[in-house]
Amino acid sequence: TSSDIAAGLYCASLMLDNTRAAKRYPPEALAFVHDVLLLYKPSPGQHQHMLHTFHAPPLWLRAEASKVAGTEVADATFRDLRLPLSAAWASAAEPDEGTRRTFAVTVLSLLYRLSEAFEGACRHLSALPELLRPLRDAVNAVRPDVAPSLPTSVCKRHFEVAALLRDSCDKVAAERVPLQWRRVARTPIDMLAPKFDDRYTPERDSLLPKEVRDRKQLKRKVGRERRAAMRSLRKDAEELEAMQWRDREAKISAKKREMNKNKAWVTDSAGEAKRERKMLSGGGSFLKKRPRVK
């Protein structure tokens, strides 16, 4: 029914929009657009075996679209399909002639927009001519200038879409490189031919090129200098630590000598004062030492 066509176009647009970021190809949506386009052929009843989507396809789309030949039809959006999706359209009552005409032209305009969207989504693929061949055949089969002819604006739109699909497929086909046997690049064998050098020395890297040999020698020299500098810095650090320890010990020794000198002076002063007190009090004790008994 017409409601199925409107819902199918909406689902096809959703599939195309959701797979665009992943750069994938939705074959179901393309098959649906292909079958609906074939309904707009001048004699769609002769090609019912090609329509795999509909069991009883509406064959009145081309006839109804041709009746609005004097009306300019702009690009349609999916909001224009709200009438076929309404309950009145889905009922058993026969729709009026104006609604049929609007639906037929709107669906065809949407089919052209989806065809352009398919071309933009598959433009990066090298198999674009093969992928869009069914869509190109369906678009070319519409033939809007054949009786019953379609509106002028629809004919103009049809030829624009057909030219776009044709140019894109021809461009990809022209840029595509055919399959061919892979050629394996031959790598030259390193020849150990003698190289005459004034500074040749039979070392382990004597067979290398001069630039590589000089760079490796310079790298080894830099490494030796770095290690020597580290050893020198380590020795300097040890010597500096030993010097600091000697200075610290010398200061401690000088402080101890000064303390001992002060202590001796205090002791001598105390003894001298004691002797002076004894002299002033009478000159010592009246007891005399007795000889030791043998």
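Biologist: What makes Glu-130 and Arg-176 a salt bridge?

Modeller: The closest N and O atoms of Glu-130 and Arg-176 are 3.1 Å apart, and a salt bridge is defined as a side-chain nitrogen of Lys or Arg within 4 Å of a carboxyl oxygen of Asp or Glu, so the pair qualifies. Glu-130 lies in helix α6 (residues 128-131) and Arg-176 in the loop between α8 and α9 (210-281), so the pair ties together parts that are 46 residues apart in sequence. Helices here are DSSP runs of H or I with at least four residues, and strands are runs of E with at least two, numbered from the N terminus. This is a predicted model, in which local features need pLDDT of at least 70 and side-chain atom pairs count only at pLDDT 80 or more, while totals for chains, interfaces and linings use all residues. Residues are numbered from 1 along each chain as its sequence is written, and side-chain values use heavy atoms, with hydrogens and water left out.

Biologist: How many salt bridges does this rule give, and which residue does Arg-157 meet at 2.9 Å?

Modeller: The count comes to six salt bridges, and one of them joins the side chains of Arg-157 and Glu-116, at 2.9 Å from N to O. Because Arg-157 lies in helix α8 (residues 152-175) and Glu-116 in helix α5 (residues 97-121), this pair ties together parts that are 41 residues apart in sequence.

Biologist: Why is Arg-157 called buried?

Modeller: Arg-157 has 15% relative accessibility, and buried means under 20% relative accessible area, exposed over 50% and partly exposed in between (1.4 Å probe, protein chains only), so the residue counts as buried. Glu-116, at 26%, counts as partly exposed.

Biologist: How do you know whether α2 and α7 are roughly parallel or roughly antiparallel?

Modeller: Helix α2 (residues 27-38) and helix α7 (residues 133-142) pack at an angle of about 15°, with their axes 9 Å apart. Angles under 35 degrees count as roughly parallel, over 145 as roughly antiparallel, 65 to 115 as roughly perpendicular and the rest as oblique, so α2 is roughly parallel to α7. The axes are lines fitted to C-alpha atoms, for helices over the stretch in contact, and angles run from 0 to 180 degrees between N-to-C directions. Contact means heavy atoms within 4.5 Å, and among the residues that meet are Leu-30 and His-34 in α2, and Pro-134 and Val-142 in α7.
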